[in-house]
Structure formats: C-alpha cells, structure tokens
Amino acid sequence: MTRFNRKVCLSRAAAALGVAWWTCIAAAQAPPPKPQFHASHYDVDAVLIPESQMLVAQARAEFVADLATDDLRVELNPNLKINSLQIDGKPAQFQRETNQPLDVDVTLPSAVSPGDKVAVAFDYSGRLATDDGSPSPNIRLAYVGKDGAYLLSTARWFPLASYYGQRFTAVFRLTVPGDFAVVGTGSAAVPDPVPPPPGVKPIGSAQWLRYTFTCGQPGPVGTFVAGSLELSPENVGGLSISVYTQPGQKQSAAVYGQKLGQIVEFFSGNFGPIPARSFTIAQLPAAAPMDGFAAPGLLLVNQRQWSDQPNGLLLARLAAGEWWNNVVEPASAADVWLSDGLSRYSGALFVERDEGANGMRRAVDDFAVGAMMDEQAAPISQAWRLQPFTSAYYSIVESKGAMIWHMLRGSMGNGPFLSLLDEYFRKFSGRTATLDDFESLAQPAIAALPAPSGVEAEAPRLNALAFFSQWVNSTGVPQFNLDYTVYRTAKGFKVVGKIEQNLTTLNMPVEVRVETEGNPVTKMVQVVGNSTQFSIDTFGEPKPGGILLDPGNDVLKSTADLRVRAMIAQGEALAQRGQFFDAVQQYQRALDIQNQNALALFRMGEAMFYEKNYQAAANSFRDSLDGIVQPSFKWVEVWDHIYLGKIYDLIGQRERAMNEYQRALETKDNTDGALAEARQYMQKPYGGEPSARPGA
C-alpha cells in the first residue's frame, strides 16, 4: 500500500506563499499599457554592411492613433541610434527612455484624436554584432556579419508601435553585397544592381544588390535573412515552396518541400485553410541562438538544425505560426499562449499523425520537462513579464503552454478539441485575439460536453473556470500521492483509496489504472481539492504496485524524475550559452537526488570537458557508463566513449583514445552522427576543434 507523503504539507504551504507572493507582485507591477497608436504602413530602406556589422536605414511609417494623445511611443532596438526624425516632413523632438532603452518617445506637433494619421520618417543606424542591448536579454535577435545576417521582427530593427497585435502593409528594400542573397516576408522582385554605400570601399569586383519585398497583405511582417543562399523551387500539392539552402545542400530542398506540404495539408484539414499558397523555407545563420523562427509565409530553420531529413516537430511548429501567429494573432504580450504555446502543441499533433502515439509521447515528455524548468517564473496569463527566447519564456509559454493544450485536448476529447480550434480560427481569422476571447469560446464548448461514464459522482468532465484558473492564471503543479487498500469481494477485488495533492483549487479528471493478472482496469476520477476518494472494482487480482495514477503522464505534475530532468535541462540551457560553471551546479543538484543518473553524469563530464578540467570530466564519463540509463537516453553511452577518446587524444594517450573510439563503434548507436565522429578521430587524433554537443 502506498502511504501519504508528509512533503505534501510543505507543498501546500509553498503554494499558499506563492499566491501571496504573486498578489504582491501584481500590485507592484502592472502590465504594459495598451499602445496609443498602431502602424498601417512602412516603407523601409536598409543597407547591411557586413565588414563593419552595421545597419544603416531610413524608415517612413504611417501611424494611426487609437487614443487621444500628443505623444507617440515606438520601440526600436537599443543598438540603433536615431540620427534624425521628421513628422509630416518637419523635424520633431524625441528621446530614449532611460530605464527602457527600447522605447523612444516622440513629441507630436499637436494632439491627435482617434483615427488621425501621423507620418513619421526615421533615419537611424547602428552595429548589430552581439546580444548586448537586445530586447530579449542575452539573446541575439538581429545580426549582421561576414557569415550572413538576420533581422527578426522581434528585434525591432525598424520602429514598431508595439511588437504584439500589429498588422500592417510594407515595402522593404535591403541593400547587401553582391555575394549575399536576401530572403524574407513579402513578394520579392528581381534585385537591382546599385553602387556601394557611401564610405564603403568596394571589395574586388563584387557589386551590391538592392532587394525589394512588397507586403501587400497586412500582417506582422518584417523578418529577413541574408547570406550565401541558393534557391530550389518546389511545387507540392498546389503549394509553391521556395527552399533556400547553403551551397552544397540543395539535395535536401525537395524533402523539406514535401514535408512542409504534408504539414500544411494536415493543419488545413484540422484547423481550417489559410489564404497563403506560397511559402519560403530558408536557413537561419548559425549565429542565431534559436532553432527557428516563423513569420508570414516564411519558415527559418537554423543551420545547426538543418539535415538531410527535416525535423518534423520543428518544421511543423514553425508552420503552425501561419495559423496562430499570422492569420490569428495574439493581441498583446499577455496572450502569447494562443500563439507560441499552441504552435508548439500543433507541431506535436503533426508528429502524432506522422509517427503515431510514440511521437506524441516523446513530445509531451519534453513539454513536461521544459515546463518544470522555470514553472514559478510567472503564470501563463502574465507572459508579458517574460521575454521571447529566454529560458523562462521557453518554460512557461512554450513548454507549459503546450502541456496545457494537451491537457485540454485530453479532457475534452480529440473531436471536440479540434472543433474548438476550428471555431477559434474561423472567428478570429485576420484579427487579434486575447485569452478572454478564447476562454469565451471554450467555456460553452466545455459545458456542452457530456460527462463520461465512470467519473466519480457523475461530476462534469471538466470545469472550465477551474481549469483556466489553475493552469493559465496561476503557478503551481500538483504533486500527487496515492493511499489505497485492496479488498477481496464476492465478484473479485475492490481498490478503495484516495488521491492527495497540494493544490486546493485543482478540479479535473485524472486517470487511475489498475494492473491485474488479467486485463487492466482504468477509471477517470474527478480530482477535486486536496483529497479525493475513489473506488475501482476489478475481476482479476491487482498486481503489487499496479495501481497507477495518470499512467500515460498526460497531466503536468511534479515527480522526482521530472524534477531531476528539469534540473538537467536547466544545466543544458546554461551550457549552451557557455556558462559551464553554472551548468555544473545544476547537474550536481540533479545528482544530489539521483546520484547514478547517467544523463546528469554525462552532462557534468561534458561541461567539465569544455572547462578543460579533463581529469574530472573523465571521471564523470566513466561514472556515466556505470550509471542508470533511461531508455530515451541510451545515446549517452556512445558519447561517453567518444569524449573519453577525445580526452586521451588531448593528453597524448593515443592507444587509449583508439580503444574508446572502437568501443563507441561497437555500440552501433549513431545518435547525432556519433559513429561518423568516432571514425573521424580513429583516422586523425582529436586536436581540440569545436564540435556539436550531442542531444543539444
């Protein structure tokens, strides 16, 4: 019999403190005010100068007042300096906000009324080379360099009234060296040869080219990449798909086009068709920290993620942005669960279609781990506190957000869930939507669901108010404990027990499964509050330890294994940013709970390897080989041997290195190209050159 864990009492106290803490925070920090203007049209001329990593631009914008005001506030990348500013052709005063360098306040010549238009011309320039001054801390959202360039709209590389809830038309002209191609949002014209920019010395005979992109359909446009990109046009199921790859990778274009065609067909059938019949897939320079980025009609996949066979989950997530971040757009930074959370879950829906239940299970496991990384950072409804691409945003908006969509689907049923998404898409196509808008659709849809048989006391299957209150408007994850007794009856056996958990406001169905000597018996139990009674009748005798709560792990909950994996994931995120010392601290926290966790030991060794602490790294890799390996992380074995081989090569013990590479080959595990790497270093000793981190 499983007994109640007194740690639940501590969790209840922590939850109460969390509510009080958020009450204080909410009173002290209000959400950002609604923008007083929205943009209707842009005309932007920009020159990208790779040698100096400079952007030099002029932007002419038409803003429409939504409120009566004599002040215009725009957002512009802090690395870009405004050289001059004119309103209706006359110089105007402006200043950067000291505490918010992203914001620029422009003084209008006179007050305006709602509906009035203001034409503003900006002349600005700056160096886009590092993540300093980025709108998202330590995340490089715009970059210009010799190896390529990218300008994401979220970087605010041209002045925006607000990043969220904006739909505008635009014409973008980007001038680049002749050996660069430019890809981006809008309809592209044939580039025009132009002289080098003033003050830029020509290099050889290379000419400069001006690319023009016309965005005639209002939307969140303004994202571009530039570099050595080659076009491969594809036509798939009536879709025109332009695939841009690095030289020598054109052979992968067709499979990317085919995969995107399958994704668009799947989403159109489940969510509703979109107007767009042409798409562009392009490689995002490796300098970008994100795996990908989506804009209207444009899917950018990082070079690091590009392979001969596309990552279906990533490509589908990016494509889903066409539905949830373009045709329907979140109204504000508080509403991004409707875009980024749903896009990530939509990617999992396609993987489920492509790979079956196992594909969805892997995705849901990743969602749960990601959600636990920074679960207390903010409620979903307060996502405006979080900056895109940061660890907290990934955890709350994308991972926990996707998990909430999964729980909503599981509680509603697949058919009603897809019907709800179809209604949401149809009602808000071409518009912005808020969390309240979605809840206003979801509540009657949930209320109309019949209570399935087997739910305790015939309770409703899902309480909409409780669901959104707990998962969208609050922090906290349930920690379940089962206490039960098995009785023999005249007809078999009866399991009588209670489910205890730490969240007072939780009210949702959770599956309980009883493994017996015969067929398993499952029952949906409506878990309400801290303690819920249940009873389950079975014919066969329950197996020892065979009473399982949420056996499919479809509910986000706190478990020891999940907490450990979340700690490891936090360490991995730190290591990816080069913060190896901090990463080691996270791995040690995980090992304090599970001291033989092979993945934690491997990651510990990897971090120490990059710190050049080779003795400690070797010890950790050996411990990893002797540790406990979960099936999904079996790949650590081959990479343990490869890293040990690298260490022996670096310290001049070639024979021992060869032995480790040979043992790597014997695993026959080619995760992340492990076997090719082992063969490479059998031919030539490892000399310290950088290489990709496995499993990153």
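This is a predicted model: local features need pLDDT of at least 70, side-chain atom pairs count only at pLDDT 80 or more; totals for chains, interfaces and linings use all residues.
Visitor: Which hand does the crossing of H4 and H6 have, and which residues make the contact?

Guide: The crossing of H4 and H6 is right-handed. On the H4 side the contact is made by Asp340, Gly341, Leu342, Arg344, Tyr345, Leu349 and Glu352, while H6 contributes Tyr393, Tyr394, Val397, Glu398, Ser399, Gly401, Ala402, Trp405, His406 and Arg409. Sorted by class, the contact of H4 with H6 has eight nonpolar, four polar and five charged residues.

Visitor: Why is H14 called roughly parallel to H16?

Guide: The axes of helix H14 (residues 636-650) and helix H16 (residues 674-683) come within 10 Å and cross at roughly 20 degrees; because angles under 35 degrees count as roughly parallel, H14 is roughly parallel to H16. H14 passes H16 in a left-handed crossing, and the contact is made by Val638, Trp639, Ile642, Lys646 and Asp649 of H14 together with Ala674, Glu677, Ala678 and Tyr681 of H16.

Visitor: What is the make-up, by class, of the contact of H14 with H16?

Guide: The contact of H14 with H16 has six nonpolar, no polar and three charged residues.

Visitor: How many cavities of 30 Å³ or more does a search of the whole structure find, and what lines the largest cavity?

Guide: The search finds four cavities of 30 Å³ or more, and the largest cavity, with a volume of about 60 Å³, is lined by Arg565, Ile568, Asn597, Ala598, Leu599, Ile628, Val629, Gln630 and Phe633. Helix H10 (560-576) and helix H12 (598-610) are the elements that give two or more residues to this lining.

Visitor: How do you know which residue of the largest cavity's lining counts as charged?

Guide: Asp, Glu, Lys and Arg count as charged, and the lining of the largest cavity includes Arg565, so Arg565 is the one charged residue there, beside six nonpolar and two polar residues.

Visitor: What is the volume of the second largest cavity, and which residues line the second largest cavity?

Guide: The second largest cavity has a volume of about 50 Å³, and among the residues that line it are Asn77, Asn79, Asp131, Asp132 and Pro135; by class, its lining has four nonpolar, four polar and two charged residues.

How values were computed
Residues are numbered from 1 along each chain as its sequence is written. Side-chain values use heavy atoms; hydrogens and water are left out. A crossing is left-handed if the near helix is turned anticlockwise from the far one by less than a right angle, and right-handed if clockwise. Helices (H or I, at least four residues) and strands (E, at least two) are DSSP runs, numbered from the N terminus. Contact means heavy atoms within 4.5 Å. On a 1 Å grid over the protein atoms alone, a cavity is a set of points where a 1.4 Å probe fits but cannot get out, and a pocket is an open set with protein on both sides within 12 Å along at least five of seven lines; lining residues have an atom within 4 Å of a point. Grid points are joined across faces, edges and corners, and a volume is the space filled by probe spheres set on the points. Axes are lines fitted to C-alpha atoms, for helices over the stretch in contact, and angles run from 0 to 180 degrees between N-to-C directions. Angles under 35 degrees count as roughly parallel, over 145 as roughly antiparallel, 65 to 115 as roughly perpendicular and the rest as oblique.
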